[in-house]
Amino acid sequence: MEKRIILRGVLVGALAGLLAFVFARIFAEPQIQAAIDYESGRDQAQAALDKAAGLPAGDEGPEIFSRAIQANVGIGVGMVLFGVAMGALFAVAYAVCLGRVGNLRPRTLSMLVAGGGFLGIYLVPFIKYPANPPSIGHQETIAPRGALYVLMMVCSVAFLIGAVVLGKRLAKRFGNWNATLLATLAFVVVIGVAMALLPSLGELAANVRDYGPQATETPLPLKNPAGQIVYPGFPADVLWDFRFYSIAAQAILWATLGLVFAPLAERLLAPKPAQQLAM
Amino acid sequence: MSTIPATTAVATPVVLPLPKAMLWLGGTVLFALALYYFIGIDQGATSVFGDNMYIHEFVHDARHFLGFPCH
């Protein structure tokens, strides 16, 4: 049984990743290109400032894959494989939850597990460390940023599982409705404390040293030594669109997982007439 | 999750005996986490296949768009 659940989860995950990729190709790529154009313009302005100040020019990173490959093939492979990974995790969570989280139909459980995955793996970490387009994020801080993001994700998933266990325990005493509210409240409080304790990206030591106290790594206007702005800060509309589409793509991915897996699970878990007779 | 009231014809019937299913479930989790790592994190903060940027550059756009930290 677990093999059949996992196989279905992985296949549905690939489909979900594919749909999210189609969305990304249409909506996200123009924003990613706008961000890269901003970065190129900023690098040129910075190079002009450096030259005027007599500093050596910084070298650009090597281009291994062209933008066309990255924007059409790379993002597709990345998102489909991400879908496969999430489908596999979804299937395991589904298999573990089966029959252990109360009187739920297979398809209802499918939607709840998918919702939990969306919240725990993506949306809650996003609240603290939102997705950023290219040109936001300093090279020097990639190690702490990666560690913080993973830590945030692990906390979010662990607390979510804890909330489900808590809700299940409280249900006997307080009833389903109140137990759900209490478990939700507990999750919000605990994850809120974790978010408050973890540093903002602008507070990382390397960033405070190089840029002063800022909340994030979003590029501020570039100024010349006289204090005049020679290049604007990162365009706010591009940032908003990118993040909004990022949430939308993950919503598409997890909704597809839940909705397509639901009827498959319903069919897989329905008691067959022959089996009933045999029992 | 336990708490959505469901008046249903068929409740979730199967409980997988976890010790029996552990091999497949555990293996799948490892597989998924490895995939997650290579898509999202490898050759950024840490790198498995040496100090090149092939994976990073190839899935670059997906990495940004899926919410992972990137340069």
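The stops run from the whole chains to single residues.

This is a predicted model, in which local features need pLDDT of at least 70, side-chain atom pairs count only at pLDDT 80 or more, and totals for chains, interfaces and linings use all residues. Residues are numbered from 1 along each chain as its sequence is written, and chains are lettered from A and ligands numbered from 1 in the order in which they are written.

**Stop 1: chain A**

Select chain A, which holds seven helices and two strands. Helices (H or I, at least four residues) and strands (E, at least two) are DSSP runs, numbered from the N terminus. Along the sequence, the pattern of chain A reads α-α-α-α-α-β-β-α-α. Its C-alpha atoms fill a box of roughly 85 × 40 × 25 Å along the principal axes. Of the 279 residues in chain A, 40% are buried; a residue is buried if 20 or more other C-beta atoms lie within 10 Å of its own, exposed if 12 or fewer, and partly exposed in between, with C-beta atoms placed from the backbone. Among the contacts in chain A with a separation of 6 or more, 78% join residues 24 or more positions apart. Two residues are in contact if their C-beta atoms, placed from the backbone, lie within 7 Å.

**Stop 2: the domains of chain A**

Colour domain 1 (2–121 + 129–136 + 229–278) and domain 2 (137–217) of chain A separately. These bounds come from an automatic or database domain assignment. The C-alpha centres of the two domains lie 20 Å apart. Their contact takes eight residues from domain 1 and 12 residues from domain 2. On the domain 1 side, five of these residues are nonpolar, three are polar and none is charged. In this classification, Ala, Val, Leu, Ile, Met, Phe, Trp, Tyr, Cys and Pro count as nonpolar, Asp, Glu, Lys and Arg as charged, and the others, Gly among them, as polar.

**Stop 3: the annotated spans of chain A**

For chain A, an unreviewed UniProt entry lists "transmembrane region" at residues 75–97, 109–127, 147–167, 179–198 and 244–265. UniProt positions are given here in the numbering of this model, feature names are shortened, and annotations may be inferred rather than shown by experiment. Select residues 75–97 of chain A: the span is 100% helix and 0% strand, with its end C-alpha atoms 32 Å apart. Then select residues 179–198 of chain A, where the chain is 95% helix and 0% strand and the end C-alpha atoms are 29 Å apart.

**Stop 4**

Chain B has three helices and zero strands. Buried residues make up 41% of its 71 residues. The unreviewed UniProt entry places "transmembrane region" at residues 21–39 of chain B; this span is 100% helix and 0% strand, and its end C-alpha atoms lie 27 Å apart.

**Stop 5: the interface**

Between the chains, the contact takes 64 residues from chain A and 44 residues from chain B. Helix 2 of chain A gives the largest share of the chain A side, 17 residues. By class, that side has 43 nonpolar, 15 polar and six charged residues.

**Stop 6: the core**

A nonpolar core is a set of buried Ala, Val, Leu, Ile, Met, Phe, Trp, Tyr and Cys residues joined through C-beta atoms within 7 Å. In the largest such core, of 87 residues, A:Ala88, A:Phe90, A:Ala91, A:Tyr94 and A:Leu257 touch the most other members. Helix 2 of chain A provides the largest share of this core, 17 residues. Now select A:Ala91: beyond its neighbours within four places in sequence, its contacts are A:Ile5, A:Ile6, A:Arg8, A:Gly9, A:Val10 and B:Thr28.

**Stop 7: A:Ser135**

Finally, select A:Ser135 in the loop between helix 3 and helix 4 of chain A. Its phi is near 85°, a positive value in a residue other than glycine. Most residues other than glycine have a negative phi. Is A:Ser135 buried or exposed? A:Ser135 is buried, because 24 other C-beta atoms lie within 10 Å.
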